[in-house]
Amino acid sequence: MREFVKTLQKVYDHKAIPWITPENATKEELIAQIDACPSGALGYVVEGNSK
């Protein structure tokens with residue numbers, strides 16, 4: 001998780017509530033980050049297609 005926070009600091013702020021604000025990144029940035037998740041624990045749906 002630390003890599004995600006470092007990569008998209010504008011999305012993750014552990015001092016804020018809510019601490020994850022995906023609207024602070026582009027769709028492409030979020031998809032790239034999710035695709036880089038080594039555990040496969042993250043996913044997304046785009047226009048009815050899931051990943």
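Predicted model: local features only at pLDDT ≥ 70, side-chain atom pairs only at ≥ 80, totals over all residues.
Buried here means under 20% relative accessible area, exposed means over 50%, and partly exposed is what falls in between, with a 1.4 Å probe and protein chains only. Residues are numbered from 1 along each chain as its sequence is written, and side-chain values use heavy atoms, with hydrogens and water left out.

**The chain overall**

- The chain has two helices and two strands, in the order α-α-β-β from the N terminus on; these are DSSP runs numbered from the N terminus, with helices being H or I of at least four residues and strands E of at least two.
- Along its principal axes, the C-alpha trace spans about 35 × 20 × 15 Å.
- Of the chain's 51 residues, 20% count as buried.
- The accessible surface is about 4,100 Å², and carbon and sulfur atoms hold 55% of that (areas by the Shrake-Rupley method with a 1.4 Å probe; for residues, only the protein chains shown count as cover).
- Among contacts with a separation of 6 or more, 13% link residues 24 or more positions apart, where contact means heavy atoms within 4.5 Å.

**The aromatic pair**

- Searching the whole structure turns up one aromatic pair.
- Tyr 12 and Trp 19 have ring centres 6.0 Å apart and planes at 45°, so the pair is tilted.
- For reference, rings of Phe, Tyr and Trp (its six-membered ring) pair if their centres lie within 6.5 Å, and planes under 30 degrees apart are stacked, over 60 edge-to-face, and the rest tilted.

**The largest pocket**

- The largest pocket holds about 190 Å³ of space, a volume being the space filled by probe spheres set on grid points that are joined across faces, edges and corners.
- A pocket is an open set of points on a 1 Å grid over the protein atoms alone, where a 1.4 Å probe fits, with protein on both sides within 12 Å along at least five of seven lines; lining residues have an atom within 4 Å of a point.
- Eleven residues line the largest pocket, and Tyr 12, Ile 20, Gln 33, Ile 34 and Leu 42 lie nearest its centre.
- Helix H2 (residues 27–35) gives the largest share of that lining, three residues.
- By class, the lining has ten nonpolar, one polar and no charged residues (Ala, Val, Leu, Ile, Met, Phe, Trp, Tyr, Cys and Pro are nonpolar, Asp, Glu, Lys and Arg charged, and the others, Gly among them, polar).

- Gln 33 lies in helix H2 and counts as buried at 7% relative accessibility.
- Not counting residues up to four places away in sequence, Gln 33 touches Phe 4, Thr 7, Leu 8 and Tyr 12.
- Glu 28 is in helix H2 too, but exposed, with a relative accessible area of 53%.
- From Glu 28 to Ser 39, eleven residues along the chain, the C-alpha atoms are separated by 20 Å.

**The loop between H1 and H2**

- Pro 18 sits in this loop, and the peptide bond from Ile 17 to Pro 18 is cis, with omega near -5°.
- Thr 21 is also found in the loop, between helix H1 (2–7) and H2, and is buried at a relative accessible area of 17%.
- Leaving aside neighbours within four places in sequence, Thr 21 is in contact with Lys 10 and Val 11.
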